[in-house]
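Subject: Structure handover

Hi,

Here is the structure for you to look over. My notes follow below it.

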Number of protein chains: 2
Amino acid sequence: MKKIGVIGGLGWPSTIDYYRLLCQKTNAYFADQGLPKPLPAPPIVLESLDMSVTRKLRGTAGDDASWQGFESVFRQCFQRLRDAGAEFGLIASNTPHARLKGIVRGLDLPVLSILDATAQAVCRLGARRVLVLGTTVTMHSTMYPEVLAAQGVETVPKLPDAEIAALGRIIDEDLYQGAVGDADQFILTLCARYAGADDVVCLGCTELSLAFPEHQDDESFVCEGISFLNTTVAHVEAALVKSGIPVRR
Amino acid sequence: MKKIGVIGGLGWPSTIDYYRLLCQKTNAYFADQGLPKPLPAPPIVLESLDMSVTRKLRGTAGDDASWQGFESVFRQCFQRLRDAGAEFGLIASNTPHARLKGIVRGLDLPVLSILDATAQAVCRLGARRVLVLGTTVTMHSTMYPEVLAAQGVETVPKLPDAEIAALGRIIDEDLYQGAVGDADQFILTLCARYAGADDVVCLGCTELSLAFPEHQDDESFVCEGISFLNTTVAHVEAALVKSGIPVRR
């Protein structure tokens, strides 16, 4: 298997989800091959950044130069992971992907984007239109609309600022500290308001799938009649394929 | 905080426990200080080794030279973690500590031993005698008896080989793959057979505390009248103190 370099900590609860899924799915693959226990686990090097630091480095929308400090922290982290033997990298979080182009500039490590992994999963589901839910940065960014449009998939127009802010508070106050609270109910209410009957709801923050613990291992699932896409699982499965482990879909 | 270098994957379920505890206890400390959310998390660089590989590198008891390949894999991993900025290291597992002296030979990174962290926790509990439970390597090694004797603490004489082998099978077959099964009942039966009324039982394999999920956050706990010591929590709390976070005991 290729060694996987992971930038984690953004937040730590979903980093655990990535690590667990990478290990469990690798174990499962080798169990199917009849290998003895303890089963092989994937080679991973992971650096956990501190969100309370990276957040202060955020720049201003529309001002690329203001994001240089933020991008540089991620680029340097990928360089350390590469020096530690990582053969490709991933960021275990959606939000920093808004700056992925700047992060990978001049970097000699391939980085597997959660946006691409999610867009491929959306296509597998045959979705025509997607409601993306995520942090305030993700909701105000064009990153998902652009990558989905390239696949011929529409996105639901931007939600009202008050809804985006309320979702951001739930992510910041509860999910990033490992508490689930009523996040699932809030998400389901948003979906009832803004998702059409045939839309797929993309949980475009890796913490959001933690609000549906019974579906934490499912790339897609239906809850109260709504079709969800779990971006953590989509990203992990793409990473396993890139690492050399065929994933059952 | 000092950056913590963790060798994980041995096995991956307890690596998750280490990472979660490091992050949750750091979050809790900064919440007490009144810091805003998302709360600061610790700087961690973690490399996850594959136990199905390291196990094949094990040498023979009493033949130091035969362990060179095993020790070298851990030493090189610590060197990569140091190069990635780790200011001290730890192995998120008891078993490789049987070879810790060889692993750290020539290494310019301080390593925080789970044996020392556990011996200090045993002293805090005021224990006079300890029953150590762990993998077959740990149960046949003198590492715990030696470090405890240095603190004036006795250890229960070595268990019969058949009991050691049965415990080893539960760790290999279930716990290392993230399954708990009846591990708690097996451990409680062993304790009833071999631990005296005043003995403390040291869960000297970081996977064993996963068999008591309601006590996963407790350095020590009582279950069915037996006093247990959770070596994962003892090690994590010592790491946090070394990193600069005072831990409430």
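In this predicted model, chain B holds an open sheet of five strands, ordered S5-S4-S6-S8-S7, with mixed pairing. S5 (154–155) and S7 (220–223) of chain B are the edge strands. Each has a single partner strand, so one side of each has no neighbour in the sheet.

S7(B) pairs with S8(B), residues 226–230. The sense is antiparallel, over four bridges. B:Val222 sits opposite B:Ser227 of S8(B).

Which helix lies across S4, S6, S7 and S8 of chain B? That is H9(B), residues 183–194. H9(B) runs at about 145° to S4(B), residues 129–133.

Next, a helix pair. H5 (residues 114–125) and H10 (residues 231–243) of chain B pack with their axes 8 Å apart, at an angle of about 100°. H5(B) is therefore roughly perpendicular to H10(B). On the H5(B) side, the contact is made by B:Ile114, B:Ala117, B:Thr118 and B:Ala121. H10(B) brings B:Thr231, B:Ala234, B:His235 and B:Ala238. By class, that contact has five nonpolar residues, three polar and no charged ones.

Now chain A as a whole. Its secondary structure comes to ten helices and eight strands. The radius of gyration of chain A is 17 Å, close to the 18 Å from the globule rule for 249 residues, so chain A is as compact as a globular protein of that length. The C-alpha trace of chain A spans about 50 × 45 × 35 Å along its principal axes. Of the 249 residues in chain A, 57% are buried. Among contacts in chain A between residues at least 6 apart in sequence, 73% join residues at least 24 apart.

Best wishes

Key: Residues numbered from 1 in each chain as written. Chains lettered and ligands numbered in written order. Predicted model: local features only at pLDDT ≥ 70, side-chain atom pairs only at ≥ 80, totals over all residues. Heavy atoms only, no water. Axes fitted to C-alpha atoms, helices over the stretch in contact; angles between N-to-C directions. Helix = DSSP H or I, 4+ residues; strand = E, 2+ residues; numbered from the N terminus. Parallel < 35°, antiparallel > 145°, perpendicular 65-115°, else oblique. Contact = heavy atoms within 4.5 Å. Nonpolar A, V, L, I, M, F, W, Y, C, P; charged D, E, K, R; others polar. Pairing = 2+ DSSP bridges. Rg over C-alpha atoms; globule rule 2.2 N^0.38 Å. Buried < 20%, exposed > 50% of the residue type's maximum accessible area, 1.4 Å probe, protein only.
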